[in-house]
Amino acid sequence: MYPYFKKRFTIPIVASVFLFVGVSFNEDFFEVAKQIEIFNTLFKAVNSNYVDETNPGELMDKAIKSMLSDLDPYTNYFNEQDVVKFKINNTGEYTGIGALITRKEGKLIIKEPYKNYPADLAGLKAGDEIIQIGDVRLADFKEDASQLMKGAKNTKIDITYIRQGKTSKTQITLEEVDVKAVPFFGKVDAKTGYIVLSQFNKKATLETKEALEQLKKEGAEKIILDLRGNPGGLLNEAVNICNLFVPKDEIIVTTKSKIEKHNNTFKTNREPIDTQIPLIILVDGKSASASEIVAGALQDLDRAVIVGSRSFGKGLVQRPIDLTYGTQIKITISRYYTPSGRCIQALDYSHKDKNGNAIRTDSKNYTAFKTRKGRLVYDGGGILPDVVLSDTKLSTITEALIKNDGIFDFVTNYYYANPNLGNTIPSITDADYTEFKSFLKKKNFNFDTETEIALRNTLAAAKKEKIDTSINTEYQQLLIALQKSEETQLNQNQKEIKNLILDEIIRRYQYKEGLYQYYLKNNLEIKKSVSLFENELEFNKILKL
């Protein structure tokens with residue numbers, strides 16, 4: 001091995017002495033080549049010599065994903081099927097069943113059927129568990145089951161599903177599904193328009209422009225743009241959305257990278273629709289990326305008042321790069337900066353704590369920046385609203401209920417127990433909330449808080465070491481104390497949880513359109529926005545007009 005190594009690498013090593021100017025590049029190239037050769041020989045050795053049969057594709061897939069997971073959660077590898085889905089998300093068009101589906105504990109669950117699309121027309125409801133697609137039983141199918149429900153327009157697919165313990169069958173006819181960037185717009189009152197922008201796909205600017213123009217025709221003199229829950233999307237659409245409200249040639253966002261070609265400045269390049277109409281933008285902890293570019297830019301340019309809670313803080317730019325065999329990598333290439341110079345990114349993935357988690361900037365280390373008119377704004381990750389509504393920031397217990405479908409599952413039972421509710425908006429009473437808490441207990445709902453996970457892990461370790469019987473009493477006492485604490489948190493956060501239960505109930509009976517109609521008169525952020533518009537002195541004071 002030694003003579004081979006010497007022969008193989010003597011020339012590059014000597015050359016680097018004479019080409020000192022390019023030493024950094026050469027060292028990187030040498031190290032990459034070296035590591036690829038090591039991995040190549042290792043990969044072949046494992047596949048040739050391992051005691052059991054190996055699957056080279058699965059091994060490589062895990063190796064790639066493990067390598068990328070140490071960087072940041074946005075640098076991802078896509079196989080051929082993933083590439084197709086990625087393109088669908090950006091265009092907003094695909095042929096399928098028209099429903100939001102999730103895989104939970106190995107089960108394929110309908111989370112939301114879209115109104116008048118194939119799944120809805122076939123009678124599927126939120127909470128249905130699909131157990132068979134055509135001849136394929138999903139219990140035995142470990143790949144992406146959603147691919148089984150895609151195909152040419154008018155393709156008929158047989159579905160077997162479980163609803164409330166009963167197995168049923170239906171047939172879905174595939175059709176083109178148009179995922180709207182603006183699923184709803186309307187008027188809050190005679191002079192206030194409301195636009196929901198749910199994602200930044202290729203139709204985002206067009207649909208927002210059409211909504212804005214229509215609302216103005218109907219007499220709207222003020223606009224609320226709702227970016228809550230919007231995870232982002234295409235950068236150019238974010239710039240063009242801003243362009244609806246600010247003049248041509250305004251800097252909206254810059255990207256900065258260690259690689260010169262990825263350093264870019266993005267400006268508006270069209271004539272605006274309206275640079276004077278009073279504008280409020282709603283954000284929350286799930287408003288990310290392109291949403292934060294829009295909110296941050298219009299805040300920095302003193303063009304809009306931001307209302308809600310601090311946004312997510314996703315300020316990393318990704319670019320898809322095509323690989324061989326139809327695969328692709330989406331790789332982080334730079335960071336976003338708002339016009340004032342703020343970095344949107346909240347977590348530093350290059351520095352991690354002892355548990356391997358990315359470090360968040362401490363609030364005492366936030367840097368101050370100034371908007372165009374001299375207002376102070378701060379970095380530190382995400383966009384901090386001009387008007388912070390503390391009631392809109394969800395508690396830890398509520399986040400757990402959402403993440404683990406506590407509210408979703410309860411409302412599924414509620415829906416079938418109240419089949420004739422129709423368009424009636426119920427009130428969630430104390431009795432209903434007591435029933436909700438009883439439901440969680442009956443289902444042994446796991447909140448998956450850090451304390452709860454640590455406690456379960458402790459018991460598992462004790463069982464492994466066969467000492468669980470000696471600590472069982474103490475474990476049960478801790479478990480009871482933890483359950484009491486969770487009960488207390490459920491009571492303390494009753495108001496926000498009730499609101500989310502009601503939101504989910506309305507969505508079941510009236511789809512998202514009904515929920516947005518309800519929001520027009522009842523949502524806290526919208527109510528605050530209307531009152532802010534009505535108090536012209538306060539609104540102008542915020543923007544230093």
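Predicted model: local features only at pLDDT ≥ 70, side-chain atom pairs only at ≥ 80, totals over all residues.
Six strands make it up, in the order E10-E11-E12-E15-E16-E23. The sheet is open, and the pairing is mixed. Which strands stand at the edges? Strand E10, residues 184–189, and strand E23, residues 387–388. Each has a single partner strand, so one side of each is left without a neighbour in the sheet.

E10 pairs with strand E11, residues 192–196, in the antiparallel sense. Five bridges hold that pairing. Within it, Lys187 stands opposite Gly193 in E11.

Stay with Gly193 for a moment. Gly193 sits in strand E11. Buried or exposed? Buried, because its relative accessibility is 0%. Setting aside neighbours within four places in sequence, Gly193 is in contact with Gly186, Lys187, Leu215, Ala220, Lys222, Ile223 and Ile224. Gly193 and Leu225 are 32 residues apart in sequence. In space, their C-alpha atoms are 8.5 Å apart.

Now to E15. Five of its five residues are buried, so this strand counts as mostly covered, given the cut-off of under 20% relative accessible area. Look at the side chains. In a regular strand they alternate between the two faces of the sheet. Here, Leu279, Ile281 and Val283 point one way from E15. Ile280 and Leu282 point the other way. All of these are buried.

What does E15 pair with? On one hand, E12: four bridges join E12 to E15, and the two run parallel. Ile224 stands opposite Ile280 in that pair. On the other hand, E16: again four bridges, again parallel. There, the bridge partner of Ile280 in E16 is Val305.

Next, the helices on this sheet. Helix H15, residues 524–534, lies across E10, E11, strand E12, E15, E16 and E23. H15 runs at about 160° to E15.

Past E16 comes a loop. Ser309 lies in the loop between E16 and strand E17, residues 316–322. Ser309 is a loop residue, yet it is buried, with a relative accessible area of 7%. Which residues does Ser309 contact, leaving aside neighbours within four places in sequence? Val283, Asp284, Gly285, Ile383, Pro385, Thr392 and Lys393.

On to helix H7. Eight of the nine residues of H7 are buried, so the rest of the structure largely encloses this helix. The buried ones are Leu235, Glu237, Ala238, Val239, Asn240, Ile241, Cys242 and Asn243. What do they pack against? Helix H6, E12, strand E13, strand E14, H8 and strand E18.

Asn243 lies in H7, which spans residues 235–243. Asn243 counts as buried because its relative accessibility is 2%. Its side chain reaches the backbone nitrogen of Arg270 at 2.8 Å. Not counting residues up to four places away in sequence, Asn243 touches Lys248, Thr268, Asn269, Arg270, Glu271, Pro272 and Ile273.

The C-alpha atoms of Ala481 and Arg270 are separated by 61 Å. Along the chain, these two residues are 211 apart. Ala481 is in helix H13, residues 468–492. At 44% relative accessibility, Ala481 is partly exposed.

Now a helix pair. Two packed helices are described by the angle between their axes and the distance between the axes. H11 covers residues 430–442, and H14 covers residues 494–522. At what angle do H11 and H14 pack? About 90°, with their axes 11 Å apart. These helices are therefore roughly perpendicular to each other. By class, the contact of H11 with H14 has four nonpolar, one polar and two charged residues. From H11 come Asp430, Tyr433 and Phe436. From H14 come Gln494, Ile497, Lys498 and Ile501.

Last, a hairpin. Strand E3, residues 99–104, pairs with strand E4, residues 107–113. The sense is antiparallel, over six bridges. Ile101 has Ile110 in E4 as its bridge partner. How many residues lie between E3 and E4 in the hairpin? Two. Glu105, in the turn, has a positive phi of about 50°.

Methods:
Residues numbered from 1 in each chain as written. Heavy atoms only, no water. Axes fitted to C-alpha atoms, helices over the stretch in contact; angles between N-to-C directions. Parallel < 35°, antiparallel > 145°, perpendicular 65-115°, else oblique. Contact = heavy atoms within 4.5 Å. Nonpolar A, V, L, I, M, F, W, Y, C, P; charged D, E, K, R; others polar. Buried < 20%, exposed > 50% of the residue type's maximum accessible area, 1.4 Å probe, protein only. Polar contact = N/O pair within 3.5 Å; in protein donor to acceptor, adjacent residues only side chain to side chain. Pairing = 2+ DSSP bridges.
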